[in-house]
Amino acid sequence: MDSAASPAVEPVVGEPAAVADLGTERALLVADVHAGIEVGLRYERGVELDSRADARRERLCDLVAETDADRLVVLGDLAHRIGAPDGDEREELETLVRAVTDRVPMTLVEGNHDAGVAEAFADDLDAVDPAGGLLGAEAPDERGGTVGVVHGHTWPDPALLDADVVCMGHEHPQVRLEDAVGGSRVERAWLRGPVDPTAFVGDPGPDAAAVEDPPELVIFPAFNERSGGTWVNVEGQSFLAPFLPDALPAGDAYLLDGTRLGDYRRV
């Protein structure tokens, strides 16, 4: 792949966020904000937690400024509760969307927790269908300078195979790390590797098998540290996306600080 024509998707060191050069725009990408998670946990499980809504919103806005981004792209699950937002969750979303869009335009790739969100905020943000879309290209059939975006809870649009890089959320990947004395900790992680085109789409057909230069798949850690995740290096854990792990037969895990852990299946 010609790196000069490829839109680098570079993680922001120490953060569950990345920047991408889309040609005419510099985008900040995050996944799984899960605004209103404390409201949801109280409603769903009776768990009472102090809200971190202000801290999440301020950090997101700070990242927009620090990365000099022209746009914020949320790779799904901007909201937490499944269903049209209302009450305290709606209020938190309104404040968050207003704070971001006072600075830059915002794009939401619809996730499984975003039912009704795009409609509720249709005047404030752009929406991408759950099957995903291409950013940074003037036409869908142009390779070079394209980033595919998808949440990951449904089969992707085959057009994403025309991208140089595909960015997704949904999985909230984490790794469990153990020390020499048996202690362990869980860390959010990035997963990156080449896509297997024949496993990436629901009905691949002969065109997928003929893809000579498949895109890189970048699976984002969750922006919200309270949203749990998939322990990718623990036996018995299963992926959520219908195309994983088959569509990522070889990939590396990275910590938020940039540490490369190697093959995500053998960390």
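Which helices each supply at least two residues of the lining of the largest cavity? I opened my notebook with that one, working on a predicted model.

**Cavity.** I found one cavity of 30 Å³ or more in the structure. The largest cavity holds about 50 Å³ of space. Its lining consists of Val33, Ala35, Ala53, Arg56, Arg57, Glu92 and Leu96. The answer to my opening question is α2 and α3, and α2 gives the largest share, three residues.

**Helix α3.** I checked the length of α3 next. Its 15 residues should span 21 Å at 1.5 Å a residue, and the end C-alpha atoms are 21 Å apart, so the two agree. Then I looked up burial: Glu89, Glu92, Leu93, Leu96, Val97, Ala99 and Val100 of α3 are buried. These residues lie on the same side of α3, because they cover an arc of only 160° around the axis. On the face turned away from that buried side I noted the exposed residues Gly87 and Glu91.

**Cores.** I then turned to the largest nonpolar core, which has 28 residues; Leu28, Leu72 and Leu78 have the most contacts inside it. At least two residues come from each of β3 (26–30), α2 (53–66), β4 (71–74), α3 (87–101) and β5 (106–109). Here the largest share, five residues, belongs to α3.

I also listed the neighbours of Leu72. Leaving out residues up to four places away in sequence, Leu72 touches Leu28, Val30, Leu60, Val100, Val104, Pro105, Met106 and Thr107.

My last entry is a second, separate core of 26 residues, with Val166, Leu191, Leu248 and Leu255 among them.

Methods
Residues are numbered from 1 along each chain as its sequence is written. This is a predicted model: local features need pLDDT of at least 70, side-chain atom pairs count only at pLDDT 80 or more; totals for chains, interfaces and linings use all residues. Side-chain values use heavy atoms; hydrogens and water are left out. A nonpolar core is a set of buried Ala, Val, Leu, Ile, Met, Phe, Trp, Tyr and Cys residues joined through side-chain atoms within 4.5 Å. Buried means under 20% relative accessible area, exposed over 50%, partly exposed in between (1.4 Å probe, protein chains only). Helices (H or I, at least four residues) and strands (E, at least two) are DSSP runs, numbered from the N terminus. Contact means heavy atoms within 4.5 Å. The expected span of a helix is 1.5 Å times one less than its number of residues. The arc is that of the directions from the helix axis to the C-beta atoms. On a 1 Å grid over the protein atoms alone, a cavity is a set of points where a 1.4 Å probe fits but cannot get out, and a pocket is an open set with protein on both sides within 12 Å along at least five of seven lines; lining residues have an atom within 4 Å of a point. Grid points are joined across faces, edges and corners, and a volume is the space filled by probe spheres set on the points.
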